[in-house]
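This report walks a new reader through one protein chain, going from the overall fold to single residues. Please look over the sequence and the model first, and then read on.

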Amino acid sequence: MLETLGVDSMDRLLVDIPAQLRTSGLSLAPGLSEPETMREIRRLAVANQVFEDRLTFRGGGVYRRFIPSAVGAVISKPEFYTAYTPYQPEASQGWLQSIFEYQTAIAELCGLDVANASLYDGATALAEAAMMAVVQTGRHEILVAGYIHPEYLEVLNCFAQGRGFAVQHHSAAGEGAASPGRVAVSSGTAAVIFQQPNFLGLLEDAPALVELAHSAGALAIACVDPISLAVLAAPGEYGADIAVGEGQQLGLQPSYGGPHVGFIACRGELMRRLPGRLVGEAHDDQGRRGYVLTLTAREQHIRRDKASSNICTNHALCALAATVYLTYMGPPGLRSIAETSFRRAHALAADLACLPGIQAAFPGHLFFNEVPMVVPDSAAVLDRLQRRGILGGLPVGRWFPELENVLIFCCTELNDPDSIGELVEAVK
């Protein structure tokens, strides 16, 4: 290979890499036997601090929820976890059907016409939706309204640099939620993006933000919590054109932050703008039903310079977990989980507000299962909670200086009343 490249050594091959970044080799310890390896792994694992699920009150985009055993039983089947992209429908009917069922579940959950075969995570789903809007409208500005996940915003800005569109942000600083009357939409705005509930856990005036976008000829993109859709209006109900979000809550463990699964759904008119692939239903000449990849943008595989997206795969195994979870829970189960999370978060907020010096950061704002609370000397409080085996709220001052000493406390169905009492007593 060096000869073909016209160089006579590895040093010549790496000449463009600064010398201080190169190494002459790896200094590796002698190999270990399997028992020795396991002993070393256990020694390292002891350094981790593991919090009980019931004593974890931190969300911010990744959540601990009950996962039925059925999820693991299905996704661990070797037919699924060793499978590759289902390009050959005659050999991939099981995979194709599972993806078709996933698309159907997400479309119904979001109240929209069609969903694709999943994306990497919520952040890239949001960025892909923004690019859909830019291509659809021919405009080159995206407006972000209110508090959205700061890491989602980072990914969006990264995509914007590469695709040549601008991102404007109405931060809603000090207000908690966006005020539609103060959000400035221009004739160059391709889409208005908002998160529901927003990053602080508060509910936005979604119908008003959608109307604001449509009044300027822009699309409305809602970034939603899938569990919340069991009790809150679906994006399609209040007129959103595209819905995106993170599906980690649908049967996936936090797992140090991944892998997760992003979802995206849209109105039928935008279907050909969807990134990645779609699975469709078809029938043969004998009327037998089958599943195929349909409306796949082939230029994403062979003409990448003309592609509308760089998505070339999907988190199919994670999407399968979400499909099993949604099927197992069904609408009543999902609603029960959402209502339980809602009730417990409100009980926690009320109990914390009774403690001296602690108050709601934005009193009067509605919230689902996360609530921002002002906690004096919050860093010290979190440290004390941690020493007692409790993972407290998420400190948001690291991203939003105006929210110093604000902690977002999260409750799911795993935070039983006794655990809430333990948290309140520890904070007290």
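Among contacts in the protein chain (heavy atoms within 4.5 Å) between residues at least 6 apart in sequence, 72% link residues that are at least 24 apart. The structure is a predicted model, in which local features need pLDDT of at least 70 and side-chain atom pairs count only at pLDDT 80 or more, while totals for chains, interfaces and linings use all residues. Residues are numbered from 1 along each chain as its sequence is written, and side-chain values use heavy atoms, with hydrogens and water left out.

**The chain as a whole**

The secondary structure comprises 13 helices and 13 strands, where helices (H or I, at least four residues) and strands (E, at least two) are DSSP runs numbered from the N terminus. For 428 residues a compact globule would have a radius of gyration near 22 Å, and the 24 Å of the protein chain agrees with this; the radius is taken over C-alpha atoms, and the globule rule is 2.2 Å times the number of residues to the power 0.38. The C-alpha trace spans about 70 × 65 × 50 Å along its principal axes. Of the 428 residues, 48% are buried, a word that stands for under 20% relative accessible area, with exposed meaning over 50% and partly exposed in between (1.4 Å probe, protein chains only).

**The open sheet**

An open sheet with mixed pairing is formed by 7 strands in the order E1-E7-E6-E5-E4-E2-E3. At its edges stand strand E1 (114-115) and strand E3 (166-170), each of which has a single partner strand, so one side of each is left without a neighbour in the sheet.

| Strands | Direction | Bridges |
|---|---|---|
| E4 (residues 189-196) and E5 (residues 219-224) | parallel | 6 bridges |
| E5 and E6 | parallel | 3 bridges |
| E6 and E7 (residues 262-266) | antiparallel | 5 bridges |

Val-192 has Ala-220 in E5 as its bridge partner, Cys-223 stands opposite Val-244 in E6, and Val-244 in turn stands opposite Ile-264 in E7. In strand E6, 5 of its 5 residues are buried, with Ile-242, Val-244 and Glu-246 on one side and Ala-243 and Gly-245 on the other. In a regular strand the side chains alternate between the two faces of the sheet.

Helix H8 (residues 150-163) lies across strand E2 (141-145), E3, E4, E5 and strand E6 (242-246), and runs at about 150° to E3. Helix H9 (residues 206-215) also packs on the sheet, where it touches E2, E4 and E5, and its direction makes about 175° with that of E4. Axes here are lines fitted to C-alpha atoms, for helices over the stretch in contact, and angles run from 0 to 180 degrees between N-to-C directions.

Where is Met-132 found? Met-132 belongs to helix H7 (residues 122-137) and is buried, with a relative accessible area of 5%. Beyond its neighbours within four places in sequence, Met-132 is in contact with residues including Ile-242, Ile-264, Leu-270 and Pro-275. His-149, in the loop between E2 and H8, is buried as well, with a relative accessible area of 6%. Not counting residues up to four places away in sequence, His-149 touches Gly-60, Gly-61, Gln-195 and Phe-199.

**Helix H13**

The buried residues of helix H13 (residues 417-427) are Ser-419, Ile-420, Leu-423, Val-424, Ala-426 and Val-427. Because they cover an arc of only 165° around the axis, they lie on the same side of H13; the arc is that of the directions from the helix axis to the C-beta atoms. These buried residues pack against helix H11 (316-353), helix H12 (378-387) and strand E13 (406-410), whereas the face turned away from the buried side carries the exposed residues Pro-417 and Asp-418.

**Backbone details in loops**

The peptide bond from Gln-196 to Pro-197 is cis, with omega near -10°, and Pro-197 sits in the loop between E4 and H9. The bond from Gly-258 to Pro-259 is also cis, with omega near -5°, and Pro-259 belongs to the loop between E6 and E7.

Ser-118, although not a glycine, has a positive phi of about 75°; it lies in the loop between E1 and H7 and counts as buried at 2% relative accessibility. Asn-405, likewise not a glycine, has a positive phi of about 70°, and its relative accessible area of 29% makes it partly exposed.

Key:
Two strands pair if DSSP finds at least two bridges between them.
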